[in-house]
Amino acid sequence: MKNSIQHIQAFLAVARTGSFTKAANELHLSPSALTVQVQQLEDWLGVALLDRSPRHVSITAAGQDARGPMEKLLLDLDNIVTGSRDLAALRRGVVTIAALPSVCAGTLPPPCACFASALPASKCACMTWSPTVFMPRCAPAKWISASAYGRG
């Protein structure tokens, strides 16, 4: 179904407010447009989600069963969008540094602490490797020399 997210948001707004008029105002839609969206969702699912009367709307058993998963779906989608935007803005991610044990123990903790305070949603991981094991696995373009940190 095209625009199914909007249809789910329409149903959830009616279920939350108990009113097509209040839900329409909340979503900045006309009541008739909201009604059409909920009806299309019900047609797509093949069940009535709401019981309607001229002065009252209530959620059906099918609507109650679908409500939780729909709320979770929208929350998961929001988390995916937020996570993707954070990653795109470099606010979140993982930096993995492979170095000799002595470097991991002595030199890297201050820069990693600075990184963690500047970007709290990111992680800085230090892995200890011997050069004979690590260097053949990396492309030369990925090597970071000590001079990049002002040493050497």
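Predicted model: local features only at pLDDT ≥ 70, side-chain atom pairs only at ≥ 80, totals over all residues.

Residues are numbered from 1 along each chain as its sequence is written, and side-chain values use heavy atoms, leaving out hydrogens and water.

The protein has 7 helices and 4 strands (DSSP runs, H or I of at least four residues for helices and E of at least two for strands, numbered from the N terminus). Read from the N terminus, the order is α-α-α-β-β-α-β-α-α-β-α. Of its 152 residues, 22% are buried (under 20% relative accessible area, while exposed means over 50% and partly exposed in between, with a 1.4 Å probe and protein chains only).

Now look at helix H1 (residues 4-17) and helix H3 (residues 31-45), whose axes come within 8 Å and cross at roughly 110° (axes are lines fitted to C-alpha atoms, for helices over the stretch in contact, with angles from 0 to 180 degrees between N-to-C directions). H1 and H3 are therefore roughly perpendicular, a label for 65 to 115 degrees.

Helix H2 (residues 20-27) buries Phe 20, Ala 23 and Ala 24. These cover an arc of only 100° around the axis, so they lie on the same side of H2 (the arc uses directions from the helix axis to the C-beta atoms). They pack against H1, H3, strand E1 (50-53) and strand E2 (56-59), whereas Lys 22 and Asn 25 are exposed on the other side of H2.

How values were computed
Parallel < 35°, antiparallel > 145°, perpendicular 65-115°, else oblique. Contact = heavy atoms within 4.5 Å.
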